[in-house]
Amino acid sequence: MDYVLWLKTIQKISSYALENCFVPISEIIAVEETEFNKKQRNIGRWQKMAKLHAFTVHYVKKARNHRWRCSAATFWCVDEHLCNQWTQALKELLEMQKSRPKQLLVYINPFGGKRQGKRIYEQKVAPLFSLASISTDVVVTEHANHAKDNLFEVNIYKYDGVVCVGGDGMFSEVMHGLIGRMQKDSGIDQNNPKASLVQCNIRIGIIPAGSTDCICYSTVGISDPVTSALHIIVGDCQPLDVSSVHHNDTFLKYSVSLLGYGFYGDILKDSEKKRWMGPMRYDYSGFKTFLSHHYYEGTIAYQPAKHTHGSPRDKVSCRTGCYICKQSEKQLAEQNKEHGLKKEEGEEEWKVIKGKFLAINAVNMSCACPRSPKGLSPAAHLADGSADLILVRKCSRFDFLRYLVRHTNQDDQFDFPFVDVYRVKCFQFTSKLSEDNESNVMDVGKKRFGQFCRDHPACCCNIVNSTWNCDGETLDSSAIEVRVHCQLMKLFARGIEEDCKDEAGHSQSSIEQLL
Ligand SMILES: Nc1ncnc2c1ncn2[C@@H]1O[C@H](COP(=O)(O)OP(=O)(O)OP(=O)(O)O)[C@@H](O)[C@H]1O
Ligand SMILES: CCCCCCCCCCCCC/C=C/[C@@H](O)[C@H](CO)NC(C)=O
Ligand SMILES: [Ca+2]
């Protein structure tokens, strides 16, 4: 309703200044009194007037490809009282936007990606936060885990959100700090793989300044610091599924994007030694890993996500206000109420798959990024309480290349006989090597042979273990137990908006709200 009021009345005082511009209150960044600039006074009859009063509305302008920019429109009139009334009324309307953050805790990784984090924050983000009257406490990290450790010490409850400036690894640190802190404060033991974790309501904002920035790209639709800053300012909220990863009864990590064994684990392990190369390290290690063509033997057991309304190959993408996420969350809550989490999982059957795999990828979101704009699983959902488990079995190098190339074009990457994909709510993986280890059948010679093969990439044998890549961090154990926690945390984002702009650049949703 307030959109209509805003538009019609504003036209009364300024039909010249802002023609055909519809701005929902929720997308106004700030309103300021403005000194009327003489250079602006070239509008016909107004020029002759003695004194003009003005105010400026800074608002979100939506450009192509989900990019947002800050635009401004100045409104003027001769009546000072009317001008003040407008400014006041708009400021009051902004005050009523309760989901907007007022105080943020910001962590900057100065060494992520191309080492531009500090500059990006100072030049592109801080001025916007200040325009929107958001106060900030800024910490430039001095070492890995600085942000995570700090989140266990500070009074997080005085903040409306935490912002991380960096890549997926930096986001992961902040997420671990926040989720870990919530569990600690609620007396939940993270080492218990079956624990019902406490949701984290303090939102995280991501200012992308990393190498892949897949979490930002998959939740906003673009990897762009200004766009992300504006999503934070307007107080967007996107719930996110989080997977917990355990080894026996020991908590290892949380994951929101990719948990990858084989191909992506090997890329990560190799690329960590080449951090000095910056984002290029992934291309270098990717090429090397592709040539090595290692496959790994192991067993996967999973429970299908029966509560979800979608499937990995239904081509239904997760978009702003996603219906599938809402319905799946509801369904899951009902199931849990009826049966209780433990009983239900104990009763449901596990599917077991043994094989030789080039890659095992579990993704909680599409994992779209600039390298692969549709991602590893284009129809994965951000908040449906499930992950897509992708198994790429042993195949020829040529076939694997065909599979990889399909991440970059419109063809279905799951349409290969050697690729399977399942929507799951939990899974376990054990490598053949750890199975053998456990049954004490492995001899020293075999261990040595494993090492030998690792050192000679031309050999594709399957005796060594790969490493798990957990959102860009390596895990110490190959045998893991993974469980998806539906909507465990929230981001300052709104998911990817349907791209349906009219000629004037208004999105369909804001037009519908106006009518
Ligand atoms: N001051 C610091 N010095 C060294 N390492 C840091 C510092 N601050 C954070 N880190 C660590 O750097 C790692 C990588 O950072 P980040 O994710 O920002 O960049 P990236 O790895 O280049 O990008 P991406 O994760 O998108 O591939 C994180 O795991 C984080 O723990
Ligand atoms: C010959 C063409 C090959 C093109 C292959 C394109 C496939 C790219 C898919 C990238 C998916 C990245 C998923 C994201 C993972 C992140 O968690 C992690 C940390 O940033 N990044 C990486 C690279 O592990
Ligand atoms: Ca999901």
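Student: At what angle do helix α3 and helix α7 pack?
Tutor: This is a predicted model: local features need pLDDT of at least 70, side-chain atom pairs count only at pLDDT 80 or more, totals for chains, interfaces and linings use all residues, and side-chain values use heavy atoms, with hydrogens and water left out. Residues are numbered from 1 along each chain as its sequence is written, with chains lettered from A and ligands numbered from 1 in the order in which they are written. Helix α3 (residues 117-131) and helix α7 (residues 225-233) pack at about 30°, and their axes are 10 Å apart. That makes α3 roughly parallel to α7. Roughly parallel covers angles under 35 degrees, roughly antiparallel over 145, roughly perpendicular 65 to 115, and oblique the rest. Axes are lines fitted to C-alpha atoms, for helices over the stretch in contact, and angles run from 0 to 180 degrees between N-to-C directions.

Student: How are helices and strands assigned?
Tutor: They are DSSP runs, numbered from the N terminus: helices are H or I with at least four residues, strands are E with at least two.

Student: Which residues of α3 and α7 meet?
Tutor: From α3, Ile-120, Lys-124, Val-125, Leu-128 and Phe-129. From α7, Pro-225, Val-226, Ala-229, Leu-230, Ile-232 and Ile-233. Contact means heavy atoms within 4.5 Å.

Student: New topic. Is α5 mostly covered or uncovered?
Tutor: Mostly covered: 15 of the 18 residues of α5 are buried. Buried means under 20% relative accessible area, exposed over 50%, partly exposed in between (1.4 Å probe, protein chains only).

Student: What span should α5 have, and what does the model show?
Tutor: At 1.5 Å a residue, the 18 residues of α5 (residues 168-185) should span 26 Å. The expected span is 1.5 Å times one less than the number of residues. The end C-alpha atoms of α5 are 25 Å apart, which agrees.

Student: What follows α5?
Tutor: Gly-187, with a positive phi near 70°.

Student: What does Val-174 touch?
Tutor: Val-174 is in helix α5. Leaving aside neighbours within four places in sequence, Val-174 contacts Tyr-107, Ala-147, Leu-151, Val-162, Cys-164 and Ile-204. Val-174 is buried, with a relative accessible area of 0%. The C-alpha atoms of Val-174 and Val-162 are separated by 7.9 Å, and the two residues are twelve apart along the chain.

Student: Which residues other than glycine have a positive phi?
Tutor: Asp-213 is one of them, with phi near 50°. Asp-213 lies in the loop between β7 (203-208) and α6 (214-220). His-293 has a positive phi too, about 50°. His-293 sits in the loop between α9 (280-292) and β11 (296-304). Most residues other than glycine have a negative phi.

Student: Are those two buried or exposed?
Tutor: Asp-213 is buried, at 8% relative accessible area. His-293 is buried, at 8%.

Student: Why is α8 described as largely enclosed?
Tutor: Eight of the ten residues of α8 (residues 263-272) are buried, so the rest of the structure largely encloses this helix. Among the buried ones are Phe-263, Tyr-264 and Leu-268.

Student: What does UniProt place at residues 99-249?
Tutor: The feature "domain: DAGKc", from an unreviewed UniProt entry. UniProt annotations may be inferred rather than shown by experiment. Residues 99-249 are 36% helix and 23% strand, with end C-alpha atoms 38 Å apart.

Student: And how many helices and strands in the protein?
Tutor: The protein has 15 helices and 17 strands. Of its 515 residues, 56% count as buried.
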